Amino acid sequence: APSATRATRAKRTAAEMTPGGGPPQWYWQHNADASEKDPTSWTPYSATESALLERAFNGRRKVVSLNATYTADVKEGVQYRKDDRGRFRSIRRGTKASPLEDPTS
């Protein structure tokens, strides 16, 4: 049974890796006036927040609390203020190298 657990963990870990070998990186758009195709308009989440978003992306629960101020919805691709859902920013899943690089290709 322990080897089955290790195999399941290895399979899950491999599925969470990008083709370059690292985990996907999540970003939030800090400049809403810029094009979503402009890589300089995106800011990476911390490693902890990015891992939290990735778990939500791969799991059933698509909405996660990032901190006391923000909630993110990975299905809708937005981060919003808990006290004002009308204030939101785009979020996206990329690679460590670029917010525009698809982590699955």
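User: Which strands are included in what covers the buried residues of α2?

Analyst: This is a predicted model. In α2, the buried residues are Ser50, Leu53, Glu54 and Ala56. Their cover includes β1 (25-29), β3 (63-65), β4 (70-73) and β6 (84-94).

User: Why do the buried residues of α2 line one face of the helix?

Analyst: An α-helix has 3.6 residues a turn, so residues three or four places apart point the same way. Ser50, Leu53, Glu54 and Ala56 are the buried ones in α2. Seen down the axis of α2, the buried residues line one face because they fall within an arc of 160°.

User: Which exposed residues does the face of α2 turned away from its buried side carry?

Analyst: Leu53 and Ala56 are among the buried residues of α2. The face turned away from that buried side carries exposed residues: Ala47, Thr48 and Arg55.

User: How far apart are the end C-alpha atoms of helix α2?

Analyst: Helix α2 runs over residues 47-58, which is 12 residues. At 1.5 Å a residue, α2 should span 16 Å. The model agrees: the end C-alpha atoms are 16 Å apart.

User: Which residues make up the largest nonpolar core?

Analyst: Leu53 and Ala56 of α2 are buried. Both belong to the largest nonpolar core, which has nine residues. The set is Trp26, Tyr45, Leu53, Ala56, Val64, Leu66, Ala72, Val74 and Ile91.

User: Where in the protein is confidence lowest?

Analyst: The protein averages a pLDDT of 84. Confidence is highest in β4, at 97. Over residues 3-15, pLDDT stays under 50, and the model has zero contacts there beyond four places in sequence. Confidence is lowest, at a mean of 46, in helix α1 (residues 2-15).

Key:
Residues numbered from 1 in each chain as written. Predicted model: local features only at pLDDT ≥ 70, side-chain atom pairs only at ≥ 80, totals over all residues. Heavy atoms only, no water. Helix = DSSP H or I, 4+ residues; strand = E, 2+ residues; numbered from the N terminus. Expected span 1.5 Å × (residues − 1). Buried < 20%, exposed > 50% of the residue type's maximum accessible area, 1.4 Å probe, protein only. Arc of directions from axis to C-beta. Contact = heavy atoms within 4.5 Å. pLDDT = per-residue confidence, 0-100. Core = buried A, V, L, I, M, F, W, Y, C linked by side-chain atoms within 4.5 Å.
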